[in-house]
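Subject: Structure handover

Hello,

Here is the structure you asked for.

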Amino acid sequence: MAANLPSLPLHNNNNNNGFPASNTDSSLPYSSTIHLDRGDKVALESYWWKMRDKCTVVTKGWEFMSYGSDWSNSACWFMTPELRDAIKRLHALVGNADTDDSHLVVGNGATQLFQAALFALSSSPSLSPHTPINVVAAAPHYSGYPDETDMVRSSLYKWSGDAREYDKNEAYIEIVNYPNNPDGSVRTTPVVNNKYGCEGKLIHDLVFYWPHYTPITHKAKHDLMLFSLSKCTGHSGSRIGWAIVKDKDIARKMTKLIELNSIGVSGESQTRAAKIMEVLCDSYQSLRCDGSKKDSELFFEYSRRLLKERWEKLREVISENGDFILHNKFSQRAYCNFKNESSETYPAFAWFMCKKEEDCGIYMDKKMRVVARSGNRFGSDSKFARIDMLGTAEDEFEEFLDRLSNIKEVN
């Protein structure tokens, strides 16, 4: 079992030694609700709290007066050179994606980039202007895909469900997500049975392809790949995502959508993101230079240890619980090129199945006052539910485990 990690500073209040003050309340009342459905990675705040001095960014009043950051970059004129270089450095360090001979596009999170990718891929002159292109993903798939596809009721594209069941003689866009949200499975290849030889395009959603979640087995070189700061480092509030795009025309179309939607991306957020990445990369560079760094000072090792500890505790509780089955309870082991050793997967989410009720989310809320995301939102059965493994502070996660161990009716 890994060593205990410091608790998340719930209110950023300090004790006398400058570290987060611990929560003196040993348990939350059952009248309170634990939210494990949001997707935030707030548990990682404990690491960045320790690195707070190194990550401080000062923005001067005269900076970022223009919409543009680099007018010479025709692929994405509002992306700062500092962020572009930081992203390339981060991927080079981890080895999870190839940025050579590609174009980077920054967006307000991966959500906006997903919309931009749909727009860019569906506006191809080879496609029929009268028929929206079908958008599919293998179930269980990320719950946001259907809503984000159909929200604007575009005439260019429409949600068409499970990629495994797609059987139309029409063009399509397939989203390949690995490690998969919600179940953590690693499926790197498309699953559409394109028996009609239709035009098929791919979006690779790789926001969780980082070494704290899964072994880095290869350097991804797909045509269009999506990443986000929120899933890599936990900084969801900065709203920074990026796409690695091989085709410059596709990158330009994505940039055009973002230009019309939000006239670019905050320069302040880009500067902060670049600084976070710089600090992360510098820590590994220092390790390689003098070997003096401890695991607690290295982000991916720290985060992986936190996830490993939580998964071990959850598996122990589930093994003694008769109400649920944990569908991703067994780790997948593979050689990790980043760690240079065999490594296990520790997904960002736990994928539960309830034995006793038709709706797992309702059952958790009724029995434990725990809010989970129901399986039907992922193109699956409502007997399933998704739990965020990094969405709470340590004390709330321990309270969740306690309630799971002692399920009782909550009025």
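Trp71 is exposed, with a relative accessible area of 59%. Please bear in mind that this is a predicted model. Trp71 sits in the loop between helix 2 (52-55) and helix 3 (81-94). Together with Tyr67 and Ile263, Trp71 makes a nonpolar surface patch of about 400 Å².

The closest N and O atoms of Arg84 and Asp70 are 3.5 Å apart. Asp70 counts as buried because its relative accessibility is 13%, under the 20% limit. Arg84, at 25%, counts as partly exposed.

The structure holds 17 salt bridges.

- Lys256 and Glu259 meet at 3.3 Å, N to O. They are three residues apart in helix 7 (residues 248-262), so about one helical turn separates them. Lys256 is partly exposed at 38% relative accessibility, and Glu259 is partly exposed at 25%.
- Lys308 and Glu312 meet at 2.6 Å, N to O. They are four residues apart in helix 9 (residues 299-319), so again about one helical turn lies between them. Lys308 is partly exposed at 28%, as is Glu312 at 22%. Salt bridges that share partners also join Glu309, Arg310, Lys313, Glu394 and Glu398 into one network.

The largest pocket has a volume of about 410 Å³. It is lined by 28 residues, and those closest to its centre are Thr111, Tyr142, Glu148, Ser230 and Lys231. Helix 4 (109-122), helix 5 (144-150), strand 7 (224-228) and helix 6 (229-232) each give two or more residues to the lining. By class, the pocket lining has eight nonpolar, ten polar and ten charged residues.

There are also three cavities of 30 Å³ or more. The largest cavity has a volume of about 70 Å³. Strand 5 (residues 172-177) gives the most to its lining, with four residues. The lining of the largest cavity divides into six nonpolar, four polar and two charged residues; among them are His141, Glu174 and Arg187.

The second largest cavity holds about 50 Å³ of space. Its lining has seven nonpolar residues, two polar and no charged, including Phe208, Tyr213 and Phe349. Asn180 is on the lining lists of both the largest cavity and the second largest cavity.

Regards

Methods
Residues are numbered from 1 along each chain as its sequence is written. This is a predicted model: local features need pLDDT of at least 70, side-chain atom pairs count only at pLDDT 80 or more; totals for chains, interfaces and linings use all residues. Side-chain values use heavy atoms; hydrogens and water are left out. Patches are made of residues with over 30% relative accessible area and no salt bridge: like charges are joined within 9 Å, nonpolar side chains (Val, Leu, Ile, Met, Phe, Trp, Tyr) within 5 Å. Accessible areas come from the Shrake-Rupley method with a 1.4 Å probe; for residues, only the protein chains shown count as cover. A salt bridge is a side-chain nitrogen of Lys or Arg within 4 Å of a carboxyl oxygen of Asp or Glu. Buried means under 20% relative accessible area, exposed over 50%, partly exposed in between (1.4 Å probe, protein chains only). On a 1 Å grid over the protein atoms alone, a cavity is a set of points where a 1.4 Å probe fits but cannot get out, and a pocket is an open set with protein on both sides within 12 Å along at least five of seven lines; lining residues have an atom within 4 Å of a point. Grid points are joined across faces, edges and corners, and a volume is the space filled by probe spheres set on the points. Ala, Val, Leu, Ile, Met, Phe, Trp, Tyr, Cys and Pro count as nonpolar, Asp, Glu, Lys and Arg as charged, and the others, Gly among them, as polar.
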